[in-house]
Amino acid sequence: MDKFQDSTAFSCELRIIRARNVEFNSTGSVFVRCYMSAGNNKRVRFESREVSSSNMVWNQSFSLNCFGTKESMSNMLFEGTVIFELRQRSTGFSYFGRTGKSQLVGKAEVPWKTVYESSTMDIEKWM
């Protein structure tokens, strides 16, 4: 029996354009952190590049290719979500090439079901 017989693939593109209606108390940089379900109560984390908090424009895309069993992919599409966090890192002290921790500014969650059930499998949403 072919072990790939029951497998399927799902590809998508996430595009982070810009942030608006956000005010910060200090200078520094901002970035978007995303979390996606990877099955078995695990998740994948990826981050956008950091941009100045005075000019929050990214125009950055992520292409994601997911592979799994038909059942696991179906579960992801109907039960999974993508979580977006807008985070800020203050300008300041750096040690051993590492910067300080980031602070959460805002958070949004989008169910994959919303995308899957759209007529074009395409959504554009401000969060």
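## Phe31 in strand β2

Phe31 is found in strand β2, strands being DSSP runs of E with at least two residues and helices runs of H or I with at least four, numbered from the N terminus. The model is predicted, so local features need pLDDT of at least 70 and side-chain atom pairs count only at pLDDT 80 or more, while totals for chains, interfaces and linings use all residues. Residues are numbered from 1 along each chain as its sequence is written, and side-chain values use heavy atoms, with hydrogens and water left out.

At 0% relative accessibility, Phe31 counts as buried; the term buried denotes under 20% relative accessible area, exposed over 50%, and partly exposed the range in between, with a 1.4 Å probe and protein chains only. Beyond residues up to four places away in sequence, Phe31 touches Glu47, Ser48, Arg49, Glu50, Trp58, Glu85, Leu86, Arg87, Arg89 and Ser102, where contact means heavy atoms within 4.5 Å. Phe31 and Val57 are 26 residues apart along the chain, and their C-alpha atoms are separated by 9.9 Å.

## Overall architecture

The protein chain has 2 helices and 9 strands. Read along the sequence, these elements follow the pattern β-β-β-β-β-α-β-β-β-β-α. Of the contacts in the protein chain with a separation of 6 or more, 65% are between residues 24 or more positions apart.

Of the 127 residues of the protein chain, 35% count as buried. The accessible surface of the chain comes to about 9300 Å², and 46% of that surface belongs to carbon and sulfur atoms. Accessible areas come from the Shrake-Rupley method with a 1.4 Å probe; for residues, only the protein chains shown count as cover.

## Nonpolar core

A nonpolar core is a set of buried Ala, Val, Leu, Ile, Met, Phe, Trp, Tyr and Cys residues joined through side-chain atoms within 4.5 Å. The largest such core holds 25 residues, of which Phe10, Trp58 and Trp112 touch the most other members. At least two residues of this core are supplied by each of β1 (7-18), β2 (28-39), β5 (57-69), α1 (70-79), β6 (81-90) and α2 (112-116).

Cys66 has its place in strand β5 and counts as buried at 16% relative accessibility. Leaving aside neighbours within four places in sequence, Cys66 is in contact with Thr8, Ala9, Phe10, Met36, Met73 and Met76. For Cys66 and Thr8, the separation is 58 residues in sequence and 8.5 Å in space, C-alpha to C-alpha.

Rings of Phe, Tyr and Trp (its six-membered ring) pair if their centres lie within 6.5 Å; planes under 30 degrees apart count as stacked, over 60 as edge-to-face and the rest as tilted. By this rule the count comes to 1 aromatic pair. Phe46 and Phe62 form a tilted pair, with 4.9 Å centre to centre and 55° between the planes. The pair links distant parts of the chain, with Phe46 in strand β3 (residues 42-47) and Phe62 in strand β5, 16 residues apart. Both Phe46 and Phe62 are buried.

Arg43 lies over the face of Tyr35, at 3.8 Å from the ring centre. A charge sits over a ring if NZ of Lys or CZ of Arg is within 6 Å of the ring centre and within 35 degrees of the ring normal.

## Salt bridges

A salt bridge is a side-chain nitrogen of Lys or Arg within 4 Å of a carboxyl oxygen of Asp or Glu. By this rule the count comes to 5 salt bridges. One of them joins Glu47 and Arg33, with the closest N and O atoms 2.7 Å apart. This bridge links distant parts of the chain, from Glu47 in strand β3 to Arg33 in strand β2, 14 residues apart. Glu47 is partly exposed, with a relative accessible area of 31%, whereas Arg33 counts as buried at 11%. Arg33, Arg45 and Glu47 are linked in a network of salt bridges.

The side chains of Glu50 and Arg89 also meet in a salt bridge, at 2.8 Å from N to O. Glu50 is in the loop between β3 and β4 (51-52) and Arg89 in strand β6, 39 residues apart. Glu50 counts as partly exposed at 40% relative accessibility, while Arg89 is buried at 13%. A further salt bridge is formed by Arg87 and Glu85, whose closest N and O atoms are 2.9 Å apart. Arg87 counts as buried at 12% relative accessibility, and Glu85 is buried at 9%.
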